[in-house]
Amino acid sequence: MADGLRKGLTSYGDAGFSLFLRKAFIKAMGYSDDALDRPIVGITNTHSDYNPCHGNAPQIIEAVKRGVMLAGALPMVFPTISIGESFAHPTSMYLRNLMAMDTEEMIRAQPMDAVVVIGGCDKTLPAQIMAALSVDLPTVVIPVGPMVVGHHKGEVLGACTDCRRMWGKFRAGEIDQQEIDDVNARLAPSVGTCMVMGTASTMACITEAMGLSLPMSATIPAPHAERFRSAEASGKVAAELAKNKGPKPSEFLTPGSFRNAQVVLQAIGGSTNGLIHLTAMANRTPNRIDLGAFDDLGRDVPVLVDLKPSGDHYMEHFHHAGGVPKLMEQLGDLIDLDARSVTGQTLREIVAKAEDVPGQDVIRSKDNPIKREGGLAILHGNLAPRSAVIKHAAASPKLLQHTGRAVVFESVEDMTNRVDDPDLDVNADDVLVLRNAGPKGAPGMPEAGYLPIPKKLARGGVKDMVRISDARMSGTAFGTIVLHITPESAVGGPLALVQNGDMIRLDVAKRSIDLLVDDAELEKRRAALPPVVTPDWAKRGYAHLFHTTITQADEGCDFDFMTGEGKT
């Protein structure tokens, strides 16, 4: 029997009085005894005027409540913080763990037999899932869904791959101010998350592949009626979970579930951010993500989804082609089809119902992939002893084996101030290096890894260069960009030793990234590094907690005390 209102009674030293008081006060909201005697489904409210990605959250909440009540349980909506990617200073990643803690503690603190978490914008789904896995309460995840596409001069546009592409044209002088203003008004034509395979779409697909959300929920466009019917169905599932006290995430998330997430991440050409988030999620469970095994999967799993930035289409096209169930059908024995979903079905049962759409060209077969290898590769070398990552599916093939001269930027501010300087000593064969942009260095590991092509080169027709950093990159971005160099420079990682003019060699086929400087010289430089000190920004409050406990990218950038392993 569900605990309902009796769960987690506030401590007054008298359990009977605690329940009496709880009922007395909640009745001020107009609830009847009949309502209060039912199993309770908590529903997160992440709507915010600062978060257009979650603009449809109020409608989703109403649909979930309807589903919960149709199934005989009581819905209770509660707020958590909301993180909107382009409004979060200094970066949304800085706030992900705060949202995870907020969500976890609110689930623990309030009586509910099951919970529905509603998220979408890049860091919200991982934060909510980290929380849900930590609490291990029966959970249904609802992605808010992608925007619909925009149009400009007969061309389909989508945030934010085309944001970057069109901004690059503007920087290069190929389009004028009036046209970039027109584009600005057309890139995001509805609420919802970016409609390309950015981090939000990546996380939604991973979530569905793990069985934490209902089939097709990753891809339904945010404004479509189907999105709200799916939310109603999610509410019904949550009510059954509440009545039955399960299954909890720990009861159906197997090592195979996490492997499925990795396979799908590779097959969709997903965001590099997805790997950090999946690592953090796994670290809240007995499972772990092995980066070597992930890279091995990438050699076996082809990119099958033809979506920007690795391909040509957008999320609504992926949806109409059959979505994640159809993708998993095409992946075949690469997926553990015996893994289960929160609905109680196996993936085998879900895949058997995948829609067959004649003539669709968004989801390819394994014998006709977009790319023969998966979207992401893990690199090692003397620049990245613990790892770095590259989204080689969205890189320039001619730059995947490249040796060039380092052009070093000390920080995001330094890059901003100097990258367009006409006197900057840089050419197209150089390697742009950004440091002090990792978890501790920036802080919050901003999406600054997409270093802009210096304006004088962009206006000369240069579209891509090798760029390396300890920062992240938006999943919507493209280019030959090495990210998440670990350890980061701010803690004395090798990136801190690079000097202007050093030669750097990238060889993606060999999975290597190396600074071509002898060991003796590197040790000399290391000895000359200034001591690591606590910066002024990190001396109080959440900033202090973040700086003193954040782990590196290869460990998911979670707080070390949340994983129970004490790593730094």
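This is a predicted model: local features need pLDDT of at least 70, side-chain atom pairs count only at pLDDT 80 or more; totals for chains, interfaces and linings use all residues.
Let's start with the open sheet of four strands, whose order is 2-1-3-4 and whose pairing is parallel. At its edges sit strand 2 (74-79) and strand 4 (139-143), each of which pairs on one side only. On average, neighbouring strands here are turned by 20° against each other, direction ignored. As background, strands of a sheet pair through backbone hydrogen bonds, either parallel or antiparallel.

Inside this sheet, strand 1 (residues 40-45) pairs with strand 3 (residues 114-119) in the parallel sense, over three bridges. If you want a spot to look at, G42 stands opposite V115 in strand 3.

Helix 9 (residues 225-244) lies across strand 1, strand 3 and strand 4, and it runs at about 170° to strand 4.

**A pair of helices**

Two packed helices are described by the angle between their axes and the distance between the axes. For helix 11 (residues 255-267) and helix 12 (residues 272-282), the axes come within 11 Å and cross at roughly 175°. Angles over 145 degrees count as roughly antiparallel, and helix 11 and helix 12 are therefore roughly antiparallel to each other. Helix 11 brings F258, A261, Q262 and L265 to the contact, while helix 12 brings G274, L275, L278, M281 and A282. Sorted by class, the contact of helix 11 with helix 12 has seven nonpolar and two polar residues, and no charged ones.

Most residues other than glycine have a negative phi, and most peptide bonds are trans. The table gathers some exceptions.

| Site | Feature | Value |
|---|---|---|
| G246 to P247 | cis peptide bond | omega near 10° |
| A442 to P443 | cis peptide bond | omega near 0° |
| S387 | positive phi, not a glycine | about 145° |
| M445 | positive phi, not a glycine | about 50° |

Where do these sites fall? P247 is found in the loop between helix 9 and helix 10 (249-252). P443 has its place in the loop between strand 10 (431-434) and helix 18 (455-458), and M445 also lies in the loop between strand 10 and helix 18. S387, by contrast, is in strand 8 (residues 384-390).

Are S387 and M445 buried or exposed? Buried means under 20% relative accessible area. S387 counts as buried because its relative accessibility is 5%. M445 has a relative accessible area of 1%, so M445 is buried too.

Methods:
Residues are numbered from 1 along each chain as its sequence is written. Side-chain values use heavy atoms; hydrogens and water are left out. Axes are lines fitted to C-alpha atoms, for helices over the stretch in contact, and angles run from 0 to 180 degrees between N-to-C directions. Helices (H or I, at least four residues) and strands (E, at least two) are DSSP runs, numbered from the N terminus. Angles under 35 degrees count as roughly parallel, over 145 as roughly antiparallel, 65 to 115 as roughly perpendicular and the rest as oblique. Contact means heavy atoms within 4.5 Å. Ala, Val, Leu, Ile, Met, Phe, Trp, Tyr, Cys and Pro count as nonpolar, Asp, Glu, Lys and Arg as charged, and the others, Gly among them, as polar. Two strands pair if DSSP finds at least two bridges between them. Buried means under 20% relative accessible area, exposed over 50%, partly exposed in between (1.4 Å probe, protein chains only).
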